Amino acid sequence: QVRLVESGGGLVQAGGSLRLSCAASGSINSITTMGWYRQAPGKQRELVATITEGESTSYPTSVKGRFTISRDNAKGTVYLQMNSLKPEDTAVYYCYADVRSTYGSIMHFEGKGTLVTASS
């Protein structure tokens, strides 16, 4: 079991920056891939960044070049640096962690989210 708690959300003007953090507790040594989703009102959830155990990263076109994901495995923490924020980045941001179980299966955990608002 892993518990995830996000922080760092808030209100920022368009063009500004925010850094989100997500701290995991529990079986952090079994965490594999971590990442961030976002969901804006009335829109589908969107995967915005992933980072593997080997620290390979991926981003969709909508945030590539503006967002950077990183992780600290010793702390069980994943970060999302968001630069050049746009009003369309406004959403609740959720972190997730995939955790390898004792039996080899992968369990998926998500946090409760943090709100990011980029005002025009």
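This is a predicted model: local features need pLDDT of at least 70, side-chain atom pairs count only at pLDDT 80 or more; totals for chains, interfaces and linings use all residues.
Local features were taken at pLDDT of at least 70 and side-chain atom pairs at pLDDT 80 or more, whereas totals for chains, interfaces and linings use all residues. Residues are numbered from 1 along each chain as its sequence is written, and side-chain values use heavy atoms, with hydrogens and water left out.

Strands are DSSP runs of E with at least two residues, and helices are runs of H or I with at least four; both are numbered from the N terminus. Two strands count as paired if DSSP finds at least two bridges between them. Strand 3 (residues 18–26) and strand 8 (residues 77–82) run antiparallel and are joined by 6 bridges. Ser21 has Tyr79 in strand 8 as its bridge partner.

Tyr79 also takes part in a side-chain contact. Arg19 lies over the face of Tyr79, 4.1 Å from the ring centre. For such a contact, NZ of Lys or CZ of Arg must be within 6 Å of the ring centre and within 35 degrees of the ring normal. Arg45 lies over the face of Tyr37 in turn, at 4.0 Å from the ring centre.

The structure holds 1 aromatic pair. Tyr37 and Tyr96 form this pair, which is tilted, with 5.1 Å centre to centre and 40° between the planes. Rings of Phe, Tyr and Trp (its six-membered ring) pair if their centres lie within 6.5 Å; planes under 30 degrees apart are stacked, over 60 edge-to-face, and the rest tilted. The pair links distant parts of the chain: Tyr37 belongs to strand 4 (residues 31–39) and Tyr96 to strand 9 (residues 91–100), 59 residues apart. Tyr37 and Tyr96 are both buried. Buried means under 20% relative accessible area, exposed over 50%, and partly exposed in between (1.4 Å probe, protein chains only).

The model contains 5 salt bridges, each defined by a side-chain nitrogen of Lys or Arg within 4 Å of a carboxyl oxygen of Asp or Glu. Arg45 is one of the residues involved: its closest N and O atoms with Glu110 are 2.8 Å apart. Glu110 lies in strand 10 (residues 106–110) and Arg45 in the loop between strand 4 and strand 5 (46–51), so the pair ties together parts 65 residues apart in sequence. Glu110 is partly exposed at 32% relative accessible area. Arg45, at 40%, is also partly exposed.

A further salt bridge connects Arg66 and Asp89, with the closest N and O atoms 2.7 Å apart. Arg66 sits in the loop between strand 6 (57–58) and strand 7, and Asp89 in the loop between strand 8 and strand 9, 23 residues apart. Arg66 is buried at 11% relative accessibility. Asp89 is buried at 0%. Salt bridges that share partners join Arg38, Glu46, Arg66 and Asp89 into one network. Within it, Glu46 bridges to Arg38 at 2.8 Å between the closest N and O atoms. Glu46 is partly exposed at 25% relative accessible area, whereas Arg38 is buried at 7%.
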